[in-house]
Amino acid sequence: MITPVALSSIGWKYYIVFAVLFASVPLVVIPFFPETMNRNLELIDFVFREAATIWDIVPMARSLPKGDSRTEV
């Protein structure tokens, strides 16, 4: 709904808005979203429960073993 209005008012510069948004996605995703591929749900649950702050979640998730390991941390 906003795109036709924005294109008619600021023209091609509206695409700069998309470029800035898409460029900022990695800056948010990398520090705040842990990689969970090939890790079992119990270990991921452990990380979210035991992390002292939100800044500790991603480093803790990086230290988890990969694969379908059944051992507890």
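Helices here are DSSP runs of H or I with at least four residues, and strands are E runs of at least two, both numbered from the N terminus. Keep in mind that this is a predicted model, where local features need pLDDT of at least 70, side-chain atom pairs count only at pLDDT 80 or more, and totals for chains, interfaces and linings use all residues. Residues are numbered from 1 along each chain as its sequence is written, and side-chain values use heavy atoms, with hydrogens and water left out.

Start by selecting residues 12-33. The chain there is 86% helix and 0% strand, with 33 Å between the end C-alpha atoms. An unreviewed UniProt entry annotates this stretch, 12-33, as "transmembrane region"; such annotations may be inferred rather than shown by experiment, and their positions follow the numbering used here, with feature names shortened.

Next, colour by domain. The assignment, automatic or from a database, gives domain 1 (1-25) and domain 2 (34-66). Their centres, taken over C-alpha atoms, are separated by 36 Å.

Now move to N38, in the loop between α2 (14-32) and α3 (41-50). Check its backbone: N38 is not a glycine, yet its phi is positive, about 65°.

For the last stop, select L43, I44, V47, A51, I57, A61 and L64. These 7 residues form the largest nonpolar core, meaning buried Ala, Val, Leu, Ile, Met, Phe, Trp, Tyr and Cys residues joined through side-chain atoms within 4.5 Å. Buried is under 20% relative accessible area, exposed over 50% and partly exposed in between (1.4 Å probe, protein chains only). Both α3 and α4 (57-62) give two or more residues to this core, and α3 gives the most, with 3.

Finally, centre on I57. Leaving aside neighbours within four places in sequence, I57 is in contact (heavy atoms within 4.5 Å) with P34, V47, F48 and A51.
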